[in-house]
Amino acid sequence: MEYAAIFVLFILTAAAAMRLATNGKGGKEVVFLVVFFALLCVEPWGSKVKIAPSVILLSVAGIVHVIKSRDVQIALCTLCVSAATVSAAGSTAASAGLSWVTVGCVALCALVCKGARAGTVYALGVTAGEVCLLLSDINTTFYLDLFTVQTAYAAVVCAVVARFFAKISEFCCGVGSDGNRKCLNRPLVMR
């Protein structure tokens, strides 16, 4: 997953830079992606608890997104990811690689957030869950990998899946020529 996430992140950064060069829009996105890409290369900080700086950046961006959107669904999605992270912490499936909890949380964030911010919401939820684990038992750092770069890689995948879901939704349920929302060329409102 690491190589795929890095490749996708490179493609997203290049596309955002081209969009900025052609029409002058998306400067903040380019800066965010470049800083995020640079922070992925930095080793985790800390002596006892190693924290990946890319996860910190994504979590802060997630906090800003949740506060700015004032959307209850996004806040509940963050809480669900946090609860799933806490509940799956002790399982052996989580340490065996990509777990079903990670896949479910990525899919949940991609469906609820419907955009590129889904990755930041996912990272915020995972980080909040890991903070709860750390505060409940300081010894969890010895047998769990908390605040790792794997969260950042899953957040990149989540953002791409969210964009894919948004395009599928746009294709299937678009707005017709008469102004009504249509789903597969059928009006959603019965007259």
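This is a predicted model: local features need pLDDT of at least 70, side-chain atom pairs count only at pLDDT 80 or more; totals for chains, interfaces and linings use all residues.
Local features need pLDDT of at least 70 and side-chain atom pairs count only at pLDDT 80 or more, while totals for chains, interfaces and linings use all residues. Residues are numbered from 1 along each chain as its sequence is written, and side-chain values use heavy atoms, with hydrogens and water left out.

Let's start with the rings. Searching the whole structure gives two aromatic pairs (rings of Phe, Tyr and Trp, the last by its six-membered ring, with centres within 6.5 Å; planes under 30 degrees apart are stacked, over 60 edge-to-face, the rest tilted). Phe 32 and Phe 36 are stacked, because their planes lie at 5 degrees, with ring centres 6.3 Å apart. Both sit in helix α2 (residues 27-40), four residues apart, which is about one helical turn. Helices here are DSSP runs (H or I, at least four residues), numbered from the N terminus. Phe 36 is buried at 2% relative accessible area, whereas Phe 32 is partly exposed at 23% (buried is under 20%, exposed over 50%, partly exposed in between, with a 1.4 Å probe and protein chains only).

The other pair, Phe 164 and Phe 165, is tilted, with 45 degrees between the planes and 6.2 Å centre to centre. Phe 164 is exposed at 51%, and Phe 165 is partly exposed at 29%.

Now look at helix α4 (residues 72-87) and helix α6 (residues 100-113), whose axes come within 10 Å and cross at roughly 175 degrees. Axes are lines fitted to C-alpha atoms, for helices over the stretch in contact, and angles run from 0 to 180 degrees between N-to-C directions. The two helices, α4 and α6, are therefore roughly antiparallel (over 145 degrees; under 35 is roughly parallel, 65 to 115 roughly perpendicular, the rest oblique).
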